[in-house]
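My notes follow in the order in which I checked them.

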Amino acid sequence: MQKKVSNINFILKASIAAFGAYFCMYAFRKPFSVASFEGLSFFGIDYKILLIIAQVIGYTISKFLGIKIISEMKQNQRIHYLIGFILLAELALLGFALVPAPYNIVFLFLNGLPLGMIWGIVFSYIEGRKATEILGVILCSSFIISSGVVKSIGKYVLDTLHFSEQWMPFITGLFFIIPLLLFSYLLEKIPSPTPSDILEKSERKPVNKTERIKLFKQFFLPLTLIILFYVFLTIIRDFRDNFAREIWDAIGYQNSTSIYSISEIPIAVIVLLILGAFSRIKNNKKAFAYYHHILILGCVAIITSTIAFQLQIISPILWMVVSGFGMYICYVPFNGLYFDRMIATFKIKGNVGFLIYIADAFGYLGSVCILLYKNFGQPELSWLDFFVFCMYSVAIIGIISGAISLTYFNNKYKAAMTVTNLSYEH
């Protein structure tokens, strides 16, 4: 009984620390997206699109750098990087406020550059544990909830505090500096994985360049397919996030401040309950297979809800909730949980940082490309129609990638078990 209480206390403290730290990060990244910057365009491109592209390019470069930095990061370096990167991002927002458009676009690039590292740092505190699923899902729910909440706070800063659209992101960030320092301190208080954690989930350690290349070659086909799927997931998730105002306006919620939070909270709760239940599955191979089933079911939810919305069978808000659930039930596992079980299943000596960041790097690169395509390739297409097109695309790709990857990993596991049994017999 005492052990159970101790485990609950650990999960509670660790989840609060991880959730809070990443929640705070969003206050430095996403507030600007609730501003419309109406009527502004430069170089033939909408100003808001330029801002989003600049930040995402910085975020993308950060992800490519993170393939090395995060996978090789030592434990005693984490808190310094975490606080330092966030403060650099806030300084960039100050530059964005002080420098006039369009020259302030470069500060959104500088804002995204350090923030891309934060996820890998925070997740490194909780990976490789029996409770990683629960902790990981709670952490992942932070970016579902925080995106909407931060937008609501940003709109409050605009509408109630009457700051300009240029100053709003910096002011919003100021509210979260002290909470960030508190949650960073709490992260450092999380104890290292126990011997039983290591036995069940395998030891996590830094991986060098040679080890990273070897790992990718070993699982080239499924990783390539999964990364392709994740690229499209990132595109649609980032598009839904950055253009939430335009999408909600198009479906009739122009004057709602709270809709950004109200629509995301039920998604976070449902995703939390479903994926959190995976922590009860002790068999890593079985849990890893179930993740593929979840991916396919999430894609089915996206397709069916979008068809129902277009046929006016369901309301716009129900469509956004159900399709958002389908998207996030697919997106969330790739932020550590899926790769955590993969490492445990195949007894890979390393950490999830490399796998997360190689997926994220190409994911955000795809996000930049799709924004440019929308602006130059399909300028006449409405934000809503473009969003619907992307939803269908990601769902179809996800079903195909999930099915092929599941088959490959099953065969790979059977082959590994056969070799192990033969070695044992000899």
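I began with the burial of α16, in what is a predicted model, and I listed W319, M320, V321, S323, G324, G326, M327, Y328, I329, C330 and Y331 as the buried residues of that helix. I then checked the extent of α16, which runs over residues 316-331 and so has 16 residues by the helix assignment used here. From its first C-alpha to its last, α16 reaches 22 Å, which I noted as close to the 22 Å expected at 1.5 Å a residue.

Next I turned to the cavities, and my search of the whole structure returned four of 30 Å³ or more. I recorded a volume of about 110 Å³ for the largest cavity, and I found it lined by 13 residues, with S147, R240, D241, A244 and E264 nearest its centre. When I asked which elements give two or more residues to this lining, I came back to α16, listed together with α6 (132-159), α11 (220-242) and α12 (244-250). Sorting the lining of the largest cavity by class, I had five nonpolar, three polar and five charged residues.

Last, I looked up the second largest pocket, for which I noted a volume of about 490 Å³. Its lining holds 29 residues, and I marked Q75, R78, S124, E127 and R204 as the closest to the pocket centre. I found that α5 (118-124) and α18 (352-377) each supply at least two residues of this lining, and I divided the lining residues of the second largest pocket into 14 nonpolar, eight polar and seven charged.

Technical notes
Residues are numbered from 1 along each chain as its sequence is written. This is a predicted model: local features need pLDDT of at least 70, side-chain atom pairs count only at pLDDT 80 or more; totals for chains, interfaces and linings use all residues. Side-chain values use heavy atoms; hydrogens and water are left out. Helices (H or I, at least four residues) and strands (E, at least two) are DSSP runs, numbered from the N terminus. The expected span of a helix is 1.5 Å times one less than its number of residues. Buried means under 20% relative accessible area, exposed over 50%, partly exposed in between (1.4 Å probe, protein chains only). On a 1 Å grid over the protein atoms alone, a cavity is a set of points where a 1.4 Å probe fits but cannot get out, and a pocket is an open set with protein on both sides within 12 Å along at least five of seven lines; lining residues have an atom within 4 Å of a point. Grid points are joined across faces, edges and corners, and a volume is the space filled by probe spheres set on the points. Ala, Val, Leu, Ile, Met, Phe, Trp, Tyr, Cys and Pro count as nonpolar, Asp, Glu, Lys and Arg as charged, and the others, Gly among them, as polar.
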